Amino acid sequence: MQSLVYLLALTSAATAALLPRVAPNLPASAFPTFSHLTQADFEAGKDNVTASPTTFTPFALDASPASAACSANPNVRIEWRSYPTSSRLGFIAAIKCMMAQPPSGNFPPSTSRYEDFARLHQMYMPNIHGNPKFLIWHRYFLWTFEMALRDTCGFWDPLPWWDETLDAGNFHNSDMFTNTAYFGHLPGPDANGNPVCIISGAFAGLTCHIGPGSSNTPHCLSRAVDESLTAQCNSGFVQTCNSRGDYASMESCSEGGPHAYGHDGIGAVMSDVSASPSDPIFWMHHSFIDHNFRIWQNVDPARTTTINGDDHFGVPLTMNTIVNVGGLGPNVPISDIMNTMSGIQIGAHTFCYKYSY
Ligand SMILES: *[C@@H]1O[C@H](CO)[C@@H](O)[C@H](O)[C@H]1NC(C)=O
Ligand SMILES: [Cu+2]
């Protein structure tokens, strides 16, 4: 009897060694989702934003010498469709490189430099969501990641961005998902409504050690697309948000509108409000949200020198409010990053980028 058990154990070990090792697939219920309102609700003002006063800085950043120098030669984030193949492959390789680097040790139980970012995001819940700090914090988080790709993995191209309005309702057909050199497929849920482990693409068989939610249980990178939700990442909805006249009101609509629908539409790991950076498509989705923010700012220079709204603790945001990424990058005042072309030196890098359109 004992030898039979031994034989069975040997057999299953041998089988496990032959199959790709995929971490447990957690059910849909394991992933918390984002809260959202419909476009019609935002149009009716049902998010109840009471616009707080806008604070003004005493100087115009746009006129600073640093900004002028930046304007002469900004990094341009190129939309995925026009992003050169060599840059696409370099970007994917750099993310994989981050996953292969040891963790800094400051974000246990992260197992890699990549997971440091996911763990930081998880640790900062709920401060960085559900309030106007969301947009500016995620702008800096994305840029910090972009600089880490340079510093840690030698990838110097500007990030791509994803114009989701061109794929709304049809995310799964984007070549980001269909071309197996990139992010892996975007399947619908299985017959029981549960997510599907991603076993195609550059991140096939990835194990996520951060999440779901505030827990940290190893699980496979999984997705479960709902194209009726991704359909809300459309230009009309973006326009509804970007037609709002003050930062806090626009932020509320962007966060609870296209941002939330994009996360929940891709589903599973991406729908996890805490640990969604575990899915590398997170960076593409947030490039879209940051793009829309920048386009809103382009309408009026004052939108790069002023801010309003209260943070998670009810404290008004000002241009002096500190944005903190847990040491992954320097602490900065909002005034350094409210203008993507401020040209301000942050650590070893210059904050200076725009979008291709
Ligand atoms: C807005 O206020 C109404 C009425 O008090 C409330 O029912 C609704 O839940 C609020 N909406 C949000 C998003 O908080
Ligand atoms: Cu987030």
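Which helices do the buried residues of α5 pack against? Let me take that as the starting point, and say at once that what we have here is a predicted model.

Helix α5 runs over residues 113-123, and ten of its eleven residues are buried, so the helix is largely enclosed by the rest of the structure. Those buried residues include Arg-113, Glu-115, Asp-116 and Arg-119, together with Tyr-114, Phe-117 and Leu-120. As for the packing, the buried residues of α5 set themselves against α4, which spans 85-100, and against α6, which spans 133-153.

The C-alpha atom of Leu-89 is separated by 7.4 Å from that of Ala-181, although the two residues are 92 apart along the chain.

Turning to the record, an unreviewed UniProt entry carries the annotation "domain: Tyrosinase copper-binding" over residues 129-146 and 279-290. In the model, residues 129-146 are 78% helix and 0% strand, with 21 Å between the end C-alpha atoms, while residues 279-290 are 83% helix and 0% strand, with their end C-alpha atoms 18 Å apart.

Finally, helix α11 covers residues 281-298, and its 18 residues reach 26 Å from the first C-alpha to the last, close to the 26 Å expected at 1.5 Å a residue. Of those 18 residues, 16 are buried, so α11, too, is largely enclosed by the rest of the structure.

Note on methods: Residues numbered from 1 in each chain as written. Chains lettered and ligands numbered in written order. Predicted model: local features only at pLDDT ≥ 70, side-chain atom pairs only at ≥ 80, totals over all residues. Helix = DSSP H or I, 4+ residues; strand = E, 2+ residues; numbered from the N terminus. Expected span 1.5 Å × (residues − 1). Buried ≥ 20, exposed ≤ 12 C-beta atoms within 10 Å, placed from the backbone. Contact = placed C-beta atoms within 7 Å. UniProt positions renumbered as here; feature names shortened; annotations may be inferred.
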